[in-house]
Amino acid sequence: MSDTPFFKTNVRELLNNISPGAAKALLGDIIVGLQEKVAELEQSSGEGGSVTVDTLSGATAVGRSVMKAADGAAARTAIGAGTSSLALGTTASTAKAGNYQPTAANISDASAIGRQILTAADAAAVKTLLGIA
């Protein structure tokens, strides 16, 4: 509370401009008012101030489902993750496997010499292909 602009300006200025006795009485009134407001807020929730996932305001149905999920699988289900029907394959409508390693023949824009260099056995073979002695 001490970081709010109201406290820094209005209350502090008021306390600085009144007598110590009046300041003490004013602070007492402020504390009592704050205590009453806290009690009022606790009672207004209908549950003594407790909050549950279901009473959390601003949470969407999906958000509440994630918070209530028993485990990671249930949370993924709540957000619709892991429900893809994409299949592995090599066509435009399929996905390549994570361990896919293309061969030189799969590089469609490689020239004939480029493919030969890619498949050369060693550096000496590359030098021979390039005509380097």
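1. V66 sits in helix α3, where a helix is a DSSP run of H or I with at least four residues, a strand is a run of E with at least two, and both are numbered from the N terminus. With a relative accessible area of 33%, V66 is partly exposed, a class that lies between buried, under 20% relative accessible area, and exposed, over 50%, as judged with a 1.4 Å probe and protein chains only.

2. The model is a predicted one, in which local features need pLDDT of at least 70 and side-chain atom pairs count only at pLDDT 80 or more, while totals for chains, interfaces and linings use all residues. Residues are numbered from 1 along each chain as its sequence is written, and side-chain values use heavy atoms, with hydrogens and water left out.

3. As a whole, the protein has 6 helices and 0 strands, and from the N terminus on its elements follow the order α-α-α-α-α-α. Of the 133 residues in the protein, 4% are buried.

4. A search of the whole structure returns 1 salt bridge, the term being used for a side-chain nitrogen of Lys or Arg within 4 Å of a carboxyl oxygen of Asp or Glu. The side chains that meet in this way are those of K68 and D54, at 2.9 Å from N to O. K68 belongs to helix α3 (residues 61–68) and D54 to the loop between α2 (20–44) and α3, so the pair ties together parts that are 14 residues apart in sequence. D54 itself counts as exposed, at 53% relative accessibility.

5. The axes of α5 and α6 come within 9 Å and cross at roughly 160°, where axes are lines fitted to C-alpha atoms, for helices over the stretch in contact, and angles run from 0 to 180 degrees between N-to-C directions. That crossing makes α5 roughly antiparallel to α6, a description kept for angles over 145 degrees.

6. A nonpolar patch on the surface is formed by I113, I117, L129, L130 and I132, which together have about 380 Å² of accessible area. The elements giving two or more residues to this nonpolar patch are α5 (112–119) and α6 (123–130). Patch residues have over 30% relative accessible area and no salt bridge, and nonpolar side chains (Val, Leu, Ile, Met, Phe, Trp, Tyr) are joined within 5 Å, like charges within 9 Å; the areas come from the Shrake-Rupley method with a 1.4 Å probe. I117, placed in helix α5, is partly exposed, with a relative accessible area of 31%.

7. T119 is also placed in helix α5, and at 56% relative accessibility T119 counts as exposed. From C-alpha to C-alpha, T119 and A105 are 9.7 Å apart in space and 14 residues apart in sequence.

How values were computed
Angles under 35 degrees count as roughly parallel, over 145 as roughly antiparallel, 65 to 115 as roughly perpendicular and the rest as oblique.
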